[in-house]
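Which side-chain contacts can be picked out in this structure, and how do the residues that make them sit relative to the surface? The paragraphs below take the contacts in turn.

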Amino acid sequence: ASDDFVEDLLIAGQMSVVYGPSNSGKTFFATDLAAHVALGRTWRDRDVTQGGCLYIAAEGAWGIKNRLVAFRQHYDVDRLINTVRVLARDMGGLRLIVLDTLSRVAAGADENSAKDASIVVASADKLRALTGAHVMLIHHTGKDSARGARGSSVWRASCDTEIEIEAGEGM
C-alpha cells in the first residue's frame, strides 16, 4: 500500500491492536517497532518510513521510562490530545501513537462493555484524525487465548490490523 510506513504491516491513519498473554513480549515488540519508525530504520526486513512516535506507557512504565514518554494513572483525553497536538507540531508530525496497555489507558472503563469500548475507540479516532498517525493499542488476551484479545468485540471490529504475540524462542 502507498500509505504503509512499515512495509506491508502498518498504514498511516489506521488502528491496530497488538495482543497476547501477560509477559509474552508485547511491550518489547511495540517499543522495538516504534524505535525503528522513529529512526526510519528497516525493521524485520521491512522498509520503514521515518516519523515521530509517541509511546504512552501506562503499564510497566518504570521499565522503559528512560526511553519513552510515560503517562501514568488515569487517562485524560483532553490533556492527552493537547499534548499530542504540541508534540506533533514540535516533531513535524507523528507517524505512530502506541497506547500500552488498553486496560490501563482506559482506566475505569469496562472493557467488556461495547459502550465503554466505543468511547475509548472514539478517543483513538480523535487522535488519528488530529495527527494522521497510526494508533496501536496494546491489549491482553483473555483466559482463553484462542479467542483473541479480551473484552468487547468492538476492539477487534475497530482495528484495521491485528498482531498476536506469543511467548517463545525469538518471540
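The model is predicted, so local features need pLDDT of at least 70 and side-chain atom pairs count only at pLDDT 80 or more, while totals for chains, interfaces and linings use all residues. Residues are numbered from 1 along each chain as its sequence is written, and side-chain values use heavy atoms, with hydrogens and water left out.

A salt bridge here is a side-chain nitrogen of Lys or Arg within 4 Å of a carboxyl oxygen of Asp or Glu. The structure holds three of them. In one, Asp160 pairs with Arg128, and the closest N and O atoms are 3.8 Å apart. This pair links distant parts of the chain, 32 residues apart: Arg128 belongs to helix 4, and Asp160 to the loop between helix 5 (153-158) and strand 7 (161-164). Helices (H or I, at least four residues) and strands (E, at least two) are DSSP runs, numbered from the N terminus.

Arg128 also meets Asp125 in a salt bridge, at 2.6 Å from N to O. Both residues lie in helix 4 (residues 114-131), three residues apart, which is about one turn of the helix. Arg128 has a relative accessible area of 18% and is buried, whereas Asp125, at 31%, counts as partly exposed. Through shared partners, the salt bridges join Asp125, Arg128 and Asp160 into one network.

Another salt bridge is formed by Arg89 and Asp90, whose closest N and O atoms are 3.1 Å apart. Arg89 is exposed at 60% relative accessibility, and Asp90 is exposed at 55%.

The aromatic side chains come next. Rings of Phe, Tyr and Trp (its six-membered ring) pair if their centres lie within 6.5 Å; planes under 30 degrees apart count as stacked, over 60 as edge-to-face and the rest as tilted. By this rule there is one aromatic pair. Phe29 and Trp43 form it edge-to-face, with 5.4 Å centre to centre and 80° between the planes. The pair links distant parts of the chain, with Phe29 in helix 1 (residues 26-39) and Trp43, 14 residues apart from it, in the loop between helix 1 and strand 4 (52-57). Phe29 is buried at 6% relative accessible area, and Trp43 is buried at 3%.

Key:
Buried means under 20% relative accessible area, exposed over 50%, partly exposed in between (1.4 Å probe, protein chains only).
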